[in-house]
Amino acid sequence: MKKLILLLFIVTSLTRVYAQDSLITNIGSRKALSLNGSWQYIVDPYETGFYDYRYHELNEKNGDAYWNTDVPANKTDKKEHGYIAKYTLQVPGDWNHQKPEFVYYEGTVWYKKSFDFHPAESATRYFLYFGAVNYRADVYLNGKKMGMHKGGFTPFNFEVPVSLLKATGNFLVVKVDNKRYADEVPTLNTDWWNYGGITRDVKLVEVPQSFIQDYVIQLKKPLPGKAPAAMPEVTGWIRLNQAQSGGNITITIPELKLKKQVAVIGAITPVSFKLPKLQLWSPEHPKLYQVIVATSNDRVEDKIGFRTVEAYGKQVLLNGKPIFMRGISIHGEIPQEVRRAVGPEDAKQLLGQARELGCNMVRLAHYPHDEAMTRLADSLGILVWSEIPVYWTINFGSQEVLNKAKAQLKEMITRDHNRASIIIWSVGNETPVSQTRTDFMHSLITEAKRLDSTRMISAALEVNYSALKDINEVNDPLGQFVDLVAFNEYLGWYGGLPDKCRTTNWSTPYNKPLFISETGAGAKGGFHADSLTRFSEEFQEWYYKEQIAMLKRMPVNFVGLSPWVLNDFRSPKRNNPIYQEGWNRKGLYDDKGNKKKAFYIMQAYYNEMKKKTIK
Ligand code: GCU
C-alpha cells in the first residue's frame with residue numbers, strides 16, 4: 001500500500017510541475033529559503049536559448065537544451081552560452097535601472113541562481129514562489145521545466161518534486177521576456193515604463209505533505225446599509241492542499257480568546273463563527289488581530305482587520321458609516337532611483353507621502369502592487385483600490401485575452417483577499433466603449449464578484465463630454481455593472497484651460513456612488529512662470545484650485561477622488577525635451593521627492609474634507 005501511495009505521489013508531483021499550482025497565500029508566514037540576491041544572467045534578444053536556427057522551439061528530448069544549464073558535458077562539448085559572475089543582476093529588481101544598457105531593453109534575459117538545499121526531516125514538499133516577474137517567466141530547475149507564467153504583477157508558484165532537489169549546486173534558471181504584445185494584458189500601449197525582470201521576491205517554500213494553501217477569514221456582509229452586528233460573524237473558508245479527511249482545522253484569535261475547530265470536509269472547508277465584540281478596522285482605527293490557522297501538521301499566522309464595506313445607494317459605507325475617500329493615485333515606482341517599487345521600505349516611502357498629503361485612500365495604479373504595499377496599508381489604515389492592467393486598447397474580442405485577464409484578476413484577489421485595506425477591486429482603466437469591450441469587462445466584473453462578494457468592484461470609466469452643454473455625463477454602459485462609478489477627467493489639461501471648471505458640472509444616470517479616479521496636470525518641479533504657462537508649477541497649482549472649486553459643486557453621490565498622481569513617473573510617451581524627458585510630470589511630488597505648489601492646494605482641501613467628514 002505504502003509503495004502505491006509513494007508511486008501515486010511521484011506521478012502526481014511530476015505531472016503537476018508543468019502546470020502552475022494554485023497560489024500559496026500568506027507566503028511571509030511560511031518557512032522558506034530566500035533566493036533573493038545576485039543572479040547571473042545572459043541577455044538574449046534573439047531568443048537563441050529558446051529556438052533553433054530555424055526558429056523552432058528547442059526540444060530537450062533531442063538533446064537540445066535551453067539555456068537552462070551551462071555545464072559542458074566534456075571538453076569537446078560546444079557551449080555558446082554560459083553564466084558567470086561578471087554578468088550579475090540583483091533580485092528582486094527590474095533590470096532597467098541596474099545597467100545603462102538595460103534602460104530601454106525589451107526582450108528576453110535568462111537569469112540563473114545556484115543554491116544548496118538541506119531537506120527537512122519531516123515529509124515535506126517544496127514550491128518555487130515568485131512575487132512577480134514581468135512579463136513572461138519560463139522556469140527551469142536542474143534542467144527540468146517547472147512551468148511558465150504570464151502576467152507582470154502577480155505572484156505564482158510551482159511545486160518542485162523533492163527528488164529533483166540536490167544537496168548542492170541546484171541550478172535554477174528563469175527565462176524572462178518583457179516584450180509587449182497586442183494580445184497580452186497590458187497590451188502594446190501603456191503610459192508607464194516597461195520595467196522587465198524578476199521584480200519581486202523569489203523563495204523556495206517548504207510545506208508539509210498536507211498544508212494550508214489559502215483561506216478567507218472576513219466579516220460576513222451585513223444587511224444592505226447596516227453596520228456589522230455587535231457580535232459580528234466571520235464567514236470564509238480554508239483550502240487545504242492534499243486535505244486529509246478526518247482531520248480538523250483550528251482557527252485561533254488569541255486577543256479575542258477565540259478558538260474554533262472545524263472538521264475537514266475536503267479541499268475547501270467552509271468556516272463561520274461569531275466573534276465577541278471587537279475593534280472594527282477603519283482608517284482612524286486600523287486594528288489588526290493575530291489570526292492563527294492550524295491543522296494537525298501545519299500552522300500559519302496572519303494579521304487580519306475586520307470591517308465591512310459596500311456601495312449603498314449614493315454612498316460608500318465602511319462599517320455601516322458613509323466615508324469620503326481622500327485618495328491619490330500611485331504607480332509602483334521609486335522615481336529617485338528610477339525603478340520598480342518593491343518591499344517594505346519602498347511601501348513606507350510611497351504610503352508615507354500619501355499620508356503627508358492627507359490621504360485616507362490610495363489607488364494602486366494600474367496593476368497589483370507588491371504585497372508589502374497592501375500589508376502596510378492594512379497597518380496604517382489606508383483604504384486601497386487595487387487594479388489589474390486591463391488598460392486602454394486591450395484586444396476585447398479575444399477569449400484568450402479574457403482568460404489572461406481573469407488569471408491576473410484571480411491572482412490579485414487570491415493574494416490579498418484578507419487585506420482589510422482593500423475595498424475596491426478594479427477590472428480596468430479607460431477602456432474605449434464598444435459592445436465587445438463592455439461584454440469583456442462585464443465578464444471580468446462577474447468573475448471578480450464570484451471570487452469576492454465582500455468588496456466593491458469598479459473600473460475607471462469613460463466620460464461623455466458634452467460639446468453643447470456644460471454638463472458632462474458619466475454614462476459609460478459599464479456603469480450599470482460596477483458598484484462604484486469611477487471616471488478619469490482632465491478638464492483644463494487635456495481639454496481647455498482650468499477655468500473651464502467654473503462652468504462645468506458632472507452627472508451620472510446611475511444611482512451609485514461617484515468617484516473621480518484621475519484628475520491632474522503636469523508641472524516640471526522647480527519651473528516657475530505665470531499660471532498660463534503649461535508645465536509651470538503655477539499652472540498645475542491653478543489647475544488644482546479650479547478643480548477643487550468644481551468639486552464643491554459635485555452631485556450628492558460624490559464620494560471622493562484619487563488625483564493623478566503622487567509622484568512624477570517614467571513613461572516612454574512623455575518626450576517634451578525641456579519639461580518631460582521621458583517623465584510624466586503630473587506628480588504632486590517631483591522625481592526627487594520635492595513637493596510642488598499644487599501639493600499644498602490638495603493637502604489643504606483634504607485637511608478641510610477630513611474635518612468635515614470625520615464624524
Ligand atoms: C490616463 C491614464 C494614466 C495616464 C494619464 C496621463 O488617465 O489612466 O495612466 O498616465 O491619463 O495622461 O497622464
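Setting aside neighbours within four places in sequence, Tyr87 makes contact (heavy atoms within 4.5 Å) with Trp39, Gln40 and Tyr41. This is a predicted model, where local features need pLDDT of at least 70, side-chain atom pairs count only at pLDDT 80 or more, and totals for chains, interfaces and linings use all residues. Residues are numbered from 1 along each chain as its sequence is written, and side-chain values use heavy atoms, with hydrogens and water left out.

Let's stay with Tyr87 for a moment. Tyr87 sits in the loop between strand 2 (37-43) and strand 3 (88-91); strands here are DSSP runs of E, at least two residues, numbered from the N terminus. Although 48 residues separate Tyr87 and Trp39 along the chain, their C-alpha atoms are 8.4 Å apart. Tyr87 counts as partly exposed because its relative accessibility is 36%, with buried meaning under 20%, exposed over 50% and partly exposed in between (1.4 Å probe, protein chains only).

Now to the ligand. Around the ligand are 14 residues, each with a heavy atom within 4 Å of it. Asp191, His366, Glu430, Tyr494 and Glu518 come nearest. By class, this shell holds 5 nonpolar, 4 polar and 5 charged residues; Ala, Val, Leu, Ile, Met, Phe, Trp, Tyr, Cys and Pro count as nonpolar, Asp, Glu, Lys and Arg as charged, and the others, Gly among them, as polar.

Which distances stand out for the side chains? An N or O atom in the Asp191 side chain is 2.6 Å from a ligand oxygen, and for Glu430 the corresponding distance to a ligand oxygen is 2.5 Å. A polar side-chain atom of Tyr494 also lies 2.5 Å from an oxygen atom of the ligand. Polar contacts are pairs of N or O atoms within 3.5 Å. Taken alone, the ligand exposes 320 Å², and the protein buries 97% of that, by the Shrake-Rupley method with a 1.4 Å probe.

Conventions: Polar contact = N/O pair within 3.5 Å; in protein donor to acceptor, adjacent residues only side chain to side chain. Helix = DSSP H or I, 4+ residues; strand = E, 2+ residues; numbered from the N terminus.
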